[in-house]
Amino acid sequence: MKRNASYKSENLVLSVPFVVKKTKNGYMAECLDLNIVTQGKNLKEAKINITEAINLHMKSASELGMLDGEFEKLGVVRKNNKLEIPDSEIVRTPVRIHVNS
């Protein structure tokens, strides 16, 4: 198991992507990068729940000494013992899928 390098107290605000889908009984929210899924009765509740779940996940990762691995999943890198978020963008491409009837 990869352990964290020592951290000085740092405040890092990440924009963590997640997907929200309407379901039969409400909404489902999923953070694909961290493999976290939750739900809510409405869109607002689903967003609140996924935010709370991501925060708890990162807190647990920190307490277990696994934070660097979770940062890597989110694209955060360590340079000169400082955490950095490299410039990135979400790129989409059309994909043609043939579906047999």
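## Close-up views of a predicted model

The protein exposes about 8,400 Å², and carbon and sulfur atoms supply 51% of this area. Accessible areas come from the Shrake-Rupley method with a 1.4 Å probe, and for residues only the protein chains shown count as cover. This is a predicted model, in which local features need pLDDT of at least 70 and side-chain atom pairs count only at pLDDT 80 or more, while totals for chains, interfaces and linings use all residues. Residues are numbered from 1 along each chain as its sequence is written, and side-chain values use heavy atoms, with hydrogens and water left out.

**View 1. The order of helices and strands.** The protein has two helices and five strands. From the N terminus on, the order is β-β-β-α-α-β-β. Helices (H or I, at least four residues) and strands (E, at least two) are DSSP runs, numbered from the N terminus. Buried residues (under 20% relative accessible area, with exposed over 50% and partly exposed in between; 1.4 Å probe, protein chains only) make up 23% of the 101 residues.

**View 2. The hairpin of β1 and β2.** Strand β1 (residues 19-23) pairs with β2 in the antiparallel sense over five bridges. Two strands pair if DSSP finds at least two bridges between them. Two residues lie between β1 and β2 in this hairpin. Val-19 stands opposite Glu-30 in β2.

**View 3. Asn-35 in a loop.** Asn-35 lies in the loop between β2 (26-31) and β3 (36-40). Its phi is positive, about 60°, although Asn-35 is not a glycine. Most residues other than glycine have a negative phi. Asn-35 counts as exposed because its relative accessibility is 67%.

**View 4. The largest nonpolar core.** A nonpolar core is a set of buried Ala, Val, Leu, Ile, Met, Phe, Trp, Tyr and Cys residues joined through side-chain atoms within 4.5 Å. The largest one has 15 residues, of which Cys-31, Leu-34, Ile-54 and Met-58 touch the most other members. β2, α1 (43-63) and α2 are the elements that give two or more residues to this core. With five residues, α1 gives the most.

**View 5. Met-58 and Leu-67.** Leaving out residues up to four places away in sequence, Met-58 touches Leu-34, Leu-67, Glu-70, Phe-71 and Leu-74. Contact means heavy atoms within 4.5 Å. Leu-67 is found in helix α2 (residues 67-73). Leu-67 counts as buried because its relative accessible area is 11%. The C-alpha atoms of Leu-67 and His-57 are separated by 9.6 Å, and these residues are 10 apart along the chain.
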